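User: I am new to reading structures. Can you walk me through this one?

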Amino acid sequence: MRIVRIVSAFLRAAILKETAYRAELVGNLFRSVIGIAVAVGGLAVVFSHTSELSGWRLEQAMVLLGVYYLVQGIVQTALSPSLNEVVSEVRKGTFDYVLLKPVPSLLLSSTRRFVVWHLADVLLGGAIIAIGLIRLEAQITFGVAAIFVGVMVGGVAIVFSIWLALTTLVFWFVRVENITMIFQLFFDTGRYPVEIYPFWLRQLLTFVFPVAFITTVPAQTITGREPLVAIWLAPLIGALALLAAARFWRIGLSRYTSASS
Amino acid sequence: MIVRRTTLAGALALTRAELADMFQYRVVLFLYSLWEVVHPIVYLAVWGAIAGEGEVGGLRLSDFAAYYLTFMLVSHVTAAIEIYTFGPMIQQGELSPHLLRPMNPVWVAAARNISYKSVSMLLLIPVWIGLVIILRPSFTITAGSVALFLVALVVAALLSFLVGTTFALLAFWTTRSFSFWEIWIGLTFLLGGQVAPVELLPGFVQNLATALPMRYTLGFPIEVLLNRLDPGELALGFALQFAWLFAAALIVRAVWRAGIRQYSAVGA
């Protein structure tokens, strides 16, 4: 209960702070619309030469693209602002103030900031998913929707874990401002179904750096395609990744010595 | 355009300094350049999945491999980074000291551009060679196409630099030059030969891509190298590439003059 109160206080503060930059909403919305229009245009070009891309129809690929933007929006709204701050605080030594507060450091470090304007990506991603599903005339039962949400939560948990693990490296290497680019590098392969990649890359993107579970698997679940892997694996891997990343965070934390000591 | 000898010496000195500066950030630069490797691989995978054992619009998997491997190098050489290197200088008032020097600050942008690319190219090439071994491309090149390619590549890099500088100069008027830049990036993605070689774009879009400048900063040199163009298309391509270069030079000059007139550093 206390955790909910803390997080909602952060969220309120973030919204208050960001309403000072209302024009940012317009700017971000504009950029998101362009980005998504270009991505859909790209799909149109690809599908002008084929009716199926590794078994995915245009509408299904659109749903997948929507999932990509949805996750991207969540990352930029809720994950990256908070965790990027950890990197600069550890460098400057002001991470002390996080440790001194009577709240678990991991909770505080990962929920402090919300850049609400990036919700534009979440909304537009949702819209693309909806358009794709309507054009597929998909029959979405309550059960399918529930599984989709579960798989999405698993995917976001995986994203969070990877991001947290990369951030935790700051306790060893200090100067890691750009390390989360590694995430973006892999994540960008998730704009298309993982089936298009050659065997070795597909394995890498499924089991080592599980982008497949972040975009392909959720899109499969809701468009009724044959699943790539057993669906229950997604939340399971998400939970395991979270545990591992939290453990890694604690190990990293024990190495923190503040600045100049 | 006549470049004075002192300007040239200054440009060289600037490049040396920027090179030393860039070399400090080699790890970050390596990550940036990996980015330029990932995107072509995604689209190579897309077209490879469609082509399978057959072909798409006359291109086989090995042709796509050659196209996108060349793409990696070309996109690296022609990348416009001025929106990151030059735009912030204007926004944060760091331009002022450079204005006191006896040469145009655009040279600073040029020096950064060249040193960034030299350092990261060194890091990129081993990765690229590895990919050539894995992906088995069929490079359909001839001595003539290599010669013409080098010309097209240099012009593409110049054109791209001028376009990038123009967008960076918008920082004189707006803090949102990034939004405009994103439109350009999006159009280059669709029409410049990134999502697909221009020859695979549907009819009217292909004509649009041929007329607009994006292809001449990216796709055109690749098509030249891999002999994808007949003599008529080649001539038209070079004519349009030089025409756009000339136009871009005029535009960047006009924008610079208009911008500098109403520039006031932060705090003025």
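Analyst: Start with burial. A residue is buried if 20 or more other C-beta atoms lie within 10 Å of its own, exposed if 12 or fewer, and partly exposed in between, with C-beta atoms placed from the backbone. Helices (H or I, at least four residues) and strands (E, at least two) are DSSP runs, numbered from the N terminus. In α2(A), the buried residues are A:Asn28, A:Ser32, A:Ile36, A:Ala39, A:Gly42, A:Leu43 and A:Val46.

User: Where do these coordinates come from, and how are things numbered?

Analyst: This is a predicted model: local features need pLDDT of at least 70, side-chain atom pairs count only at pLDDT 80 or more, and totals for chains, interfaces and linings use all residues. Residues are numbered from 1 along each chain as its sequence is written, while chains are lettered from A and ligands numbered from 1 in the order in which they are written.

User: How many residues are in contact between chain B and chain A?

Analyst: On chain B, 25 residues are in contact with 24 residues of chain A. Two elements of chain B give two or more residues each to that side: α2 (26–51) and α9 (177–191). α2(B) gives the most, with 11 residues.

User: Which classes of residue make up the side of chain B that touches chain A?

Analyst: Ala, Val, Leu, Ile, Met, Phe, Trp, Tyr, Cys and Pro count as nonpolar, Asp, Glu, Lys and Arg as charged, and the others, Gly among them, as polar. Here that side has 19 nonpolar, four polar and two charged residues.

User: How many helices and strands are in chain A?

Analyst: Chain A has 12 helices and zero strands. Of its 261 residues, 38% count as buried.

User: How do I check the length of a helix?

Analyst: The expected span is 1.5 Å times one less than the number of residues. Helix α2 (residues 22–47) of chain A has 26 residues and reaches 38 Å from its first C-alpha to its last, close to the 38 Å expected. Now try helix α12 (residues 231–261) of chain B: its 31 residues should span 45 Å, and its end C-alpha atoms are 45 Å apart, which agrees.

User: Which residues are buried in α12(B)?

Analyst: They are B:Gly237, B:Gln241, B:Trp244, B:Leu245, B:Ala248 and B:Val252. Their cover includes α8 (143–169) and α11 (219–225) of chain B.

Conventions. Two residues are in contact if their C-beta atoms, placed from the backbone, lie within 7 Å.
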